[in-house]
Amino acid sequence: VQLQASGGGLVQAGGSLRLSCAGSGRTFSRYVMGWFRQGPEKEREFVASNAWHGSDTYYSDSVKGRFTISRADDKNMVYLQMNSLKPEDTAVYYCAAGGRISRRPVDYDYWGQGTLVTVSS
């Protein structure tokens, strides 16, 4: 599976952005899809994940209620709608595909190149 994330940019605090991740391969729907982020001088951290066919979704406490993950398997796409953005959301955001439901980066086998989100105060 090859992944390509897009949709990052500069936004003011309180604003919204929608990230997209395009995947290749016929078996896209079989993967757990996740979003991670890595801020300046920080480790990569879990943001959200969406299990097979969108049956279950999981969020980190820091984004719960503000971010929504969704997927369109017929289009090989996964999205991250980000609302009420805060300066601390500033990071490079990565989409990833894995074979198990997990919050650990090590459990994801395929990664997109990342897209930068900058939230100004």
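Let's start at Val 47: skipping neighbours within four places in sequence, Val 47 is in contact (heavy atoms within 4.5 Å) with Trp 35, Phe 36, Arg 37, Tyr 58, Tyr 59, Ser 60, Val 63, Phe 67, Leu 80 and Tyr 93. This is a predicted model, where local features need pLDDT of at least 70, side-chain atom pairs count only at pLDDT 80 or more, and totals for chains, interfaces and linings use all residues. Residues are numbered from 1 along each chain as its sequence is written, and side-chain values use heavy atoms, leaving out hydrogens and water.

Val 47 also belongs to the largest nonpolar core, which has 26 residues; Trp 35, Val 47, Phe 67, Leu 80, Met 82 and Tyr 93 touch the most other members. Such a core is a set of buried Ala, Val, Leu, Ile, Met, Phe, Trp, Tyr and Cys residues joined through side-chain atoms within 4.5 Å. Buried means under 20% relative accessible area, exposed over 50%, and partly exposed in between (1.4 Å probe, protein chains only).

Now for the charged pairs. The structure holds six salt bridges, each a side-chain nitrogen of Lys or Arg within 4 Å of a carboxyl oxygen of Asp or Glu. In one of them, Asp 89 pairs with Arg 37, with the closest N and O atoms 2.9 Å apart. Both Asp 89 and Arg 37 are buried. Another joins Arg 104 to Asp 107 (3.0 Å, N to O). Here Arg 104 is partly exposed because its relative accessibility is 47%, whereas Asp 107, at 12%, counts as buried. Through shared partners, salt bridges link Arg 37, Glu 45, Arg 66 and Asp 89 into one network.
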